[in-house]
Amino acid sequence: MVVGLGRFGSSLAVELARRGTEVLAIDSRPKVVQSLAGKLTHVVAADSTDLEALRQLGVPDYYRAVVAIGTDIESSILTTSLLVELEIEDVWAKAVSRDHGRILERVGAHHVILPEHDMGERLARLLNGRMLDYMGVDGNYALVKTRPPREFVGVPLARSGLRRKYGVTVVCVKGQHDEFTYAAADTVLSYGDVIIIAGPVEQVERFTELP
């Protein structure tokens, strides 16, 4: 279930439906609901802060919900608390600030996301060093797509001392005309390769800044 069909919520609902997931999409604005009627099978205009309305829509039958309400913080918080009251197993809630996120956590949201903040942080990382893509994992750990620094080109990974020197691990390698493959001890990196590395954020950033 996706509640709130702004840019974030509608994109999420449409993509989930495209992937074959059954989605109930809810928004209080009839015009928004009407505009998505051809893209989503179950999209309704309803007040998500009305507990009885949620019950009538069969909301308790859904095991996962995303509260994508952004600008109306009061509705976001109340909707989240009602979904928790209805014992939805997995509630995700969008926050527009860290304070908003903390309140959502206190009323019972299992996961809080800050799309704008996360995208800004990710872009800032990509603009520094040689990162081609970045994905944070559990706070202080990251997977990064990058290119190999000069000192590790032409040397088997087992002999490079890469993990000992920089605390990161090369997980996958992609040659210029190849697909990604798992890195092995005898893998030799070349100029033009793309690699995926894993490690603590600080070490990963340090590694991607090497010439």
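Trainee: Which residue of β2 does Val-2 stand opposite?

Mentor: The model is predicted, so local features need pLDDT of at least 70 and side-chain atom pairs count only at pLDDT 80 or more, while totals for chains, interfaces and linings use all residues. Residues are numbered from 1 along each chain as its sequence is written, and side-chain values use heavy atoms, with hydrogens and water left out. Strands (E, at least two residues) and helices (H or I, at least four) are DSSP runs numbered from the N terminus, and two strands pair if DSSP finds at least two bridges between them. Strand β1, residues 2-3, runs parallel to β2 with 2 bridges, and the residue opposite Val-2 is Ala-25.

Trainee: Which residues of β2 point the other way from Leu-24 and Ile-26?

Mentor: Strand β2 covers residues 24-27, and all of them are buried, that is, under 20% relative accessible area, where over 50% is exposed and anything in between is partly exposed (1.4 Å probe, protein chains only). Leu-24 and Ile-26 share one direction, and the other belongs to Ala-25 and Asp-27.

Trainee: What is the bridge partner of Leu-24 in β3?

Mentor: Strand β3, residues 42-45, pairs with β2 in the parallel sense over 4 bridges. Within β3, the partner of Leu-24 is His-42.

Trainee: Which helix does the chain cross through from β2 to β3?

Mentor: This β-α-β crossover is right-handed, meaning that with the strands pointing away from the viewer, the path from the first strand over the helix to the second runs clockwise. A right-handed β-α-β unit is also made by β1, α1 (residues 7-18) and β2. From β2 to β3, the chain passes through residues 30-35, helix α2.

Trainee: Why do the buried residues of α1 lie on the same side, and how wide is their arc?

Mentor: The buried residues of α1 are Gly-9, Ser-10 and Ala-13. What covers them includes β1 and β2, contact being heavy atoms within 4.5 Å, whereas Arg-7 and Arg-18 are exposed on the other side of α1.

Trainee: Which strands stand at the edges of the open sheet of 5 strands?

Mentor: The order of this sheet is β7-β8-β11-β9-β10, with antiparallel pairing. An edge strand has a single partner strand, so one side of it is left without a neighbour in the sheet. Those at the edges are β7 (133-137) and β10 (181-182).

Trainee: In β8, which residue is the bridge partner of Val-137?

Mentor: Strand β8, residues 141-146, runs antiparallel to β7, and 5 bridges join the two. The partner of Val-137 in β8 is Tyr-141.

Trainee: Which residues does Gly-192 touch, not counting those up to four places away in sequence?

Mentor: Gly-192 is found in the loop between β10 and β11 and is partly exposed, with a relative accessible area of 31%. Its C-alpha is 9.8 Å from that of His-177, 15 residues apart in sequence. With residues up to four places away left out, Gly-192 touches Arg-147 and Gln-176.
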